Amino acid sequence: MSTTPTAPTSANPGWYTTGLPHIWLPYAQMKTASAPLAATRTHGTTIELSNGRCLTDGVAAWWTACHGYNHPHIRQAVEAQLSTMPHIMFGGTVHQPALTLASRLSAMLPGDLERVFFTDSGSVSVEVAMKMALQYRLNKGQTGRTKLLAFKGGYHGDTLATMAVCDPEEGMHHLYGSALAEHIIAPLPQDAASTAEFLRLLKTHAHELTAIITEPLVQGAGGMLFHSPDVLRTLRKAADEHDMLLILDEIFTGFGRTGSMFACEQAGIVPDIVTLSKALTGGTMALAATVARRHVFEAFLSDNPEHALMHGPTFMANPLACACANASLDLFEQEPRLEQVQRINTLLTQGLEPCRTLPGVKDVRTLGAIGVVELEKIANPDALRQRFIAQGVWIRPFRNIVYLTPAFTITEAELHKLTTAIYTVLSTP
């Protein structure tokens, strides 16, 4: 991507040409990547660009904008909170938006997941979950169990601690190698062979493991890899048998994306710790939560100050973000979101199934409001993205997949436009 400023045009306004040379973009080779689009407005499932073009968003801002962009109920909640208390430190003070949100999340989640620790990003919420699991063991006087068991195909964030529990070979972080903490990476127990290997690793390393961590039902950034609820039941049983905590990363899957409010509900299990983010605020503001069961929290109650959880992000429980999240939960209560997800699944299945016959297509799969076309390979994801933009849609391929994770409020016509664009682009050499 060129970093040399150019003269403002209708397609490149002054703020764009002046600011672009100073930006470091995510997941992009800055020397060769196409220039990013200049977005000026969002509403519903539409992204408006500075050149007047509109794109139908098929990925809901990295899976966050579940109610569509700029929903009036969430916007009103932000405006009201902004007028009273945009922010206050959560060290020594609390406020109504955070306590209300914590109570509501506890009531929604299964079992006794009842203690909520707020953070401001998904990666940090996983880091907090990892710290909880490690210190849970230390507070109980067990000093040797300092590792986690994670899974091939898994993704839990881009920070140093979370990279260590991502897939070390197929993921984005293999370059960091020996700089990362060493954990145990196992295959997901999906068949006889993978289950046997999982159980072998578990038995071999149980003495040094404190927890198992996974994404329930869908390994998102690992390639939208699906697994059945039986896998989660296997993990819960194994964790109990070996006295381990089970951490479920519901950052992607939580809040209806897989067809139930939380993916773990489809397995009928309760994790010991769950992480939430992305759609928590309806894609409006940054917020995340790590929620622990009662027995996990009680391990931190002590007369010893060193047994406290020493973590505190500056913007944790930001009142504006908590107000967004409460408004988002209102919409789940007041509008038929899970029914909309079922409708989306039907339309995704119908719309994407014709891709199965195209050359180079390896698989087509859907779950809830997730639609995936897996290819043998994608030689140039950036070039493929440009072809989707030419079709008037915002679809961001990665690895070897083209996927849709639309807003739950998307119309049938908009969804048809997205699936048609995928078929059209993939069927054209």
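Both Phe151 and Phe198 are buried, where buried means under 20% relative accessible area, exposed over 50% and partly exposed in between (1.4 Å probe, protein chains only). This is a predicted model, in which local features need pLDDT of at least 70 and side-chain atom pairs count only at pLDDT 80 or more, while totals for chains, interfaces and linings use all residues. Residues are numbered from 1 along each chain as its sequence is written, and side-chain values use heavy atoms, with hydrogens and water left out.

The structure holds eight aromatic pairs; rings of Phe, Tyr and Trp (its six-membered ring) pair if their centres lie within 6.5 Å, and planes under 30 degrees apart count as stacked, over 60 as edge-to-face and the rest as tilted. One of these is the tilted pair of Trp63 and Phe252, with 4.2 Å centre to centre and 45° between the planes. Trp63 lies in helix H2 (residues 60-63) and Phe252 in the loop between strand S10 (245-249) and strand S11 (273-276), so this pair ties together parts 189 residues apart in sequence. Helices (H or I, at least four residues) and strands (E, at least two) are DSSP runs, numbered from the N terminus. Trp63 counts as buried at 9% relative accessibility, and Phe252 does so at 7%. Trp63, Phe252, Phe398 and Tyr403 form one aromatic cluster.

| Charged residue | Ring | Distance from ring centre |
|---|---|---|
| Arg115 | Phe297 | 3.9 Å |
| Arg365 | Phe226 | 5.6 Å |

The bridge partner of Arg365 in S14 is Val372.

Definitions and conventions. Two strands pair if DSSP finds at least two bridges between them. A charge sits over a ring if NZ of Lys or CZ of Arg is within 6 Å of the ring centre and within 35 degrees of the ring normal.
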